[in-house]
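Hi there,

Here is the structure I promised to pass on to you. Have a look at it first, and then read my notes below.

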Amino acid sequence: MSTRWDPEQYARFADHRARPFVDLLSRVGAGSAGLVVDLGCGNGPLTLSLARRWPDARVVGVDSSPQMLDAARSLDRERRVEWVEADLATWDSAGLGAAADVVVTNATLQWLPQHLPLVGRWVGALAPGGWFAMQVPDNFGAPSHRLMRETAADHPARERLREPLRRAGVADIARYMEVLDGAGCDVDAWVTEYQHVLDPLGEQENPVLEWVRGTGLRPVLETLTDPAERDAFLTDYGSRLHTAYPRSAIGVVLPFRRLFAVGRRRATRRPG
Ligand SMILES: C[S@@+](CC[C@H](N)C(=O)[O-])C[C@H]1O[C@@H](n2cnc3c(N)ncnc32)[C@H](O)[C@@H]1O
């Protein structure tokens, strides 16, 4: 099922959502680059930061959401980036016409079933010495997602919610490391659990609910088109989130685990 994205809702926690991207890119050592590609580029600000970091590079942002790409194009006043609408499951990097020096994919692969072979293919198409950098959330078991599934199981539309709640999921960090190594990369990988302090000023009724509305809850909201059904879900889920993520003196803390892997394509094959 393809999800309709809301760039405005996604941008509400832009600073928190940018942090893993910045951490990821801090481990990409490319001094100069001819072609930089952002797979699942979203609403654009992070892709534009790639264009600022490599001012001489051709920069391409690929995403399947027309809404996200419209938002990205309107941010890109200098037309610095080539924005491409495509489903990454079938997108062919040969269409770029050149081998990429840097490929970044941030917070996207979890939406793509069977993405490990795709990663292998994208890395295989890098220029020698090129960089691949990926980050995925590893929060399937976190209260925010567990409670979403539990609320759905108790909701009258539980049967219809089964499919939208089926997520592609992510692999163990070791699997990503193996794939990058197998595709000829030196690998640098790590796991971080961020402690996002949401809404420190106490302006939002339920900041964790607002957070997931911009991402993981979207397939559920699209399925519950009847306003009464949708409200019932949000009321029940919102109250479960309140209990799981209570407000503290500093705001509402959302722990969020993420997996990072960066590979640099070896110029020559490793012996043995
Ligand atoms: C959570 S957003 C991340 C956006 C951006 N990379 C960032 O870090 O802010 C996930 C993005 O992946 C895109 N996406 C999801 N599935 C996709 C697919 N199969 N092909 C291309 N893009 C996809 C969505 O449209 C969305 O823009």
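R79 counts as exposed because it has 8 C-beta neighbours inside 10 Å. For this label, C-beta atoms are placed from the backbone; a residue is buried if 20 or more other C-beta atoms lie within 10 Å of its own, exposed if 12 or fewer, and partly exposed in between. You will find R79 in the loop between helix 4 (66-75) and strand 3 (81-85). R79 is not a glycine, yet its phi is positive, at about 50°.

Before you go further, please keep in mind that this is a predicted model: local features need pLDDT of at least 70, side-chain atom pairs count only at pLDDT 80 or more, and totals for chains, interfaces and linings use all residues. Residues are numbered from 1 along each chain as its sequence is written.

A107 is another residue other than glycine with a positive phi, here near 60°. A107 sits in the loop between strand 4 (102-106) and helix 5, and it is partly exposed because 19 other C-beta atoms lie within 10 Å.

Now for the whole protein. It has 11 helices and eight strands; these are DSSP runs numbered from the N terminus, with helices being H or I of at least four residues and strands being E of at least two. The C-alpha trace spans about 55 × 45 × 40 Å along its principal axes. The radius of gyration is 19 Å, which agrees with the value near 19 Å for a compact globule of 272 residues. That radius is taken over C-alpha atoms, and the globule rule is 2.2 Å times the number of residues to the power 0.38. Buried residues make up 38% of the 272 residues. Of the contacts with a separation of 6 or more, 78% are between residues 24 or more positions apart; a contact means that two C-beta atoms, placed from the backbone, lie within 7 Å.

How do the helices pack? Two packed helices are described by the angle between their axes and the distance between the axes. Axes are lines fitted to C-alpha atoms, for helices over the stretch in contact, and angles run from 0 to 180 degrees between N-to-C directions.

Helix 5 (residues 115-124) and helix 8 (residues 173-182) pack at about 35°, with axes 9 Å apart. L116, V119, G120 and V123 of helix 5 meet R175, V179, L180 and G182 of helix 8. These residues divide into five nonpolar, two polar and one charged. Here Ala, Val, Leu, Ile, Met, Phe, Trp, Tyr, Cys and Pro count as nonpolar, Asp, Glu, Lys and Arg as charged, and the others, Gly among them, as polar.

Helix 6 (residues 143-153) and helix 11 (residues 227-244) cross at roughly 145°, and their axes come within 10 Å. The contact is made by P143, S144, L147, M148 and T151 of helix 6 with F233, D236, Y237, R240, L241 and A244 of helix 11. By class, that contact has seven nonpolar, two polar and two charged residues.

Which residues come nearest to the ligand? G40, G42, S64, S65 and W111 do, out of the 20 residues around it (a residue is near if its C-beta atom, placed from the backbone, lies within 6 Å). The shell has 10 nonpolar, seven polar and three charged residues.

Last, look at G129, in the loop between helix 5 and strand 5 (131-137). G129 and G263 are 134 residues apart in sequence and 9.6 Å apart in space, C-alpha to C-alpha.

Enjoy exploring!
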